Amino acid sequence: MCYEHEISDTISHRDTLPPPSVLRHVVDVHCHPTDSEIPVKSMDNLPIIIGAMSTFQADQGLVRDLATAFPDKVVPSFGYHPWFTHWIALVPYESKENHYRRIFKDADEHLEAFQKLLVHLPEPVTLRTVLEDVRQSLIAFPSAMIGEVGIDRAFRVPYDYFSSPGELTPFTVPFEHQLAILEAQLDLAAELGRNISMHSVRSQMATVELLDRMADKHGEHWMKISIDIHSCGFSPQTWLSIEKRHPNVFLSLSTAINSGSPNHRALIAACSSRRILVESDCHKIEDCTQRTWDMVLIVAEVKGWPVESSWEEVVDESQQGVVRHLENNWKEFVQGNHVGLSKIIKPTTRERQ
């Protein structure tokens, strides 16, 4: 494949990739490669940087191993996803069944479903154990983030996470339970000064209130870290209210989740040019590069940014392409330290249009 030595003003075909000189500046800020088998050859050939997420107890070690084996390509994240929060006990429990009855308060109304589910559920782990596990991983990896953590009002518990397709139960994880576990992990992030990758589904106003609460609670410690709302599905109006009040909050988008929403282009247009990131949210390492690049092209199209077909070390600011814009945003996200940033970075007239 031939690449012209210039920046293209048009969007390439979705099934093509730029040369390695460009891809090495691309960051997939959120993916789940340890959910699938990872051939060493695939990691050796990976041309981009990935943010590898943890979600529950069993994959924390897998992410640790991946980051140890490929430290230049993997930014590890450690944390517990809201879909697995019912496995975590906030208070002491007498038995496994006692714990899950406390979580699923309508268990007696769906007794057959509850008994069927109980067979597949693991022995609960205490929140204290979870936080200590995450703490030790973060200490071992100084550049690691906390993730994937969050809240989800749409999720229903499957009978078996590891069957495909998974049959769903009538149960949901109480929102207050999810929120308690999320806040404990956010407190740890503020304490240790670690950035966050956060999941938020059908929880826009709860997320706004949570961000306000965390900023009030932790003050400068909170403003020293960055938060990414991953595969963000917020309305442009909600996002702009967050952007105005929280200079440490970014959003990332994926084709896997966002491209099916009519809002995602409006969200890109509304978002400040300095707060947007891209991701694949992929579970197979072989798909991460193409899926991330697909979103890079969508951002370029909406923002009106040129697409790099080669890499120049020095480029005039007015000529910066989409990859350089996104790379600079990632560097600001990683650096954190948003203390004292009171100015709102508003979209340009072109971006609003």
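Select Arg153 and Phe175 to start. Arg153 lies over the face of Phe175, at 3.8 Å from the ring centre. Keep in mind throughout that this is a predicted model.

There is a second pair of this kind. Select Arg324 and Trp311. Here Arg324 lies over the face of Trp311, and the distance to the ring centre is 4.1 Å.

**The sheet**

Now switch to a cartoon view. Eight strands form an open sheet with parallel pairing. Colour them in this order: S2-S3-S4-S7-S8-S9-S10-S11. The edges are S2, at residues 27–31, and S11, at residues 276–278. Each of these two pairs on one side only. Look along the sheet to see its twist, which averages 30° from one strand to the next.

Select strand S7, residues 145–152. Is S7 enclosed or open to the outside? Eight of its eight residues are buried, so S7 is largely enclosed by the rest of the structure. Check its two neighbours next. S4 pairs with S7 in the parallel sense over two bridges. Show Ile146, which stands opposite Ile196 in S8.

S8 covers residues 196–201 and S9 covers residues 227–229. Three bridges join them, and the two strands run parallel.

**Helices**

Select residues 57–69, helix H3. H3 lies across S3 (49–52) and S4 (74–78). Its direction is at about 160° to S4.

Next, select residues 322–335, helix H14. H14 lies across S2, S4, S7, S8, S9, S10 and S11. Against S11, H14 runs at about 105°.

Move to helix H8, residues 204–218. H8 has 15 residues. From first C-alpha to last, H8 reaches 21 Å, close to the 21 Å expected at 1.5 Å a residue. Which residues of H8 are buried? Show Ala206, Thr207, Val208, Leu210, Leu211, Met214 and His218. Then step just past the end of the helix to Gly219, where phi is positive at about 55°.

**Aromatic rings**

Show the side chains of Phe, Tyr and Trp. The whole structure holds 14 aromatic pairs. Zoom in on Trp87 and Tyr161. Their ring centres are 5.4 Å apart and their planes stand at 85°, so this pair is edge-to-face. Why does the pair tie together parts that are 74 residues apart in sequence? Trp87 lies in the loop between S4 and S5 (88–89), while Tyr161 lies in the loop between S7 and H7 (175–192), so the contact joins those two loops. Trp87 counts as buried, at 11% relative accessibility.

Ring pairs link Phe56, Phe84, Trp87, Tyr161 and Phe162 into a cluster.

**His283 and its partners**

Select His283, in the loop between S11 and helix H13 (285–303). His283 is partly exposed, with a relative accessible area of 38%. What does His283 touch, leaving aside residues up to four places away in sequence? Show His32, Pro33, Asp35 and Ser36. Then put a distance on Ser36. The C-alpha atoms of His283 and Ser36 are 6.2 Å apart, although the two residues are 247 apart in sequence.

Finish with the backbone. Most residues other than glycine have a negative phi, and most peptide bonds are trans.

- Glu148 sits in strand S7.
- Ser231: phi is positive, near 40°. Ser231 is in the loop between S9 and helix H10 (236–245). At 8% relative accessibility, Ser231 counts as buried.
- Asn337: phi is positive here too, at about 55°, and the residue is not a glycine. Asn337 lies in the loop between H14 and helix H15 (349–352). With 48% relative accessibility, Asn337 counts as partly exposed.

How values were computed: Residues numbered from 1 in each chain as written. Predicted model: local features only at pLDDT ≥ 70, side-chain atom pairs only at ≥ 80, totals over all residues. Heavy atoms only, no water. Pairing = 2+ DSSP bridges. Helix = DSSP H or I, 4+ residues; strand = E, 2+ residues; numbered from the N terminus. Axes fitted to C-alpha atoms, helices over the stretch in contact; angles between N-to-C directions. Contact = heavy atoms within 4.5 Å. Expected span 1.5 Å × (residues − 1). Buried < 20%, exposed > 50% of the residue type's maximum accessible area, 1.4 Å probe, protein only. Phe/Tyr/Trp six-rings, centres within 6.5 Å; stacked < 30°, edge-to-face > 60°. Lys NZ or Arg CZ within 6 Å of the ring centre and 35° of its normal.
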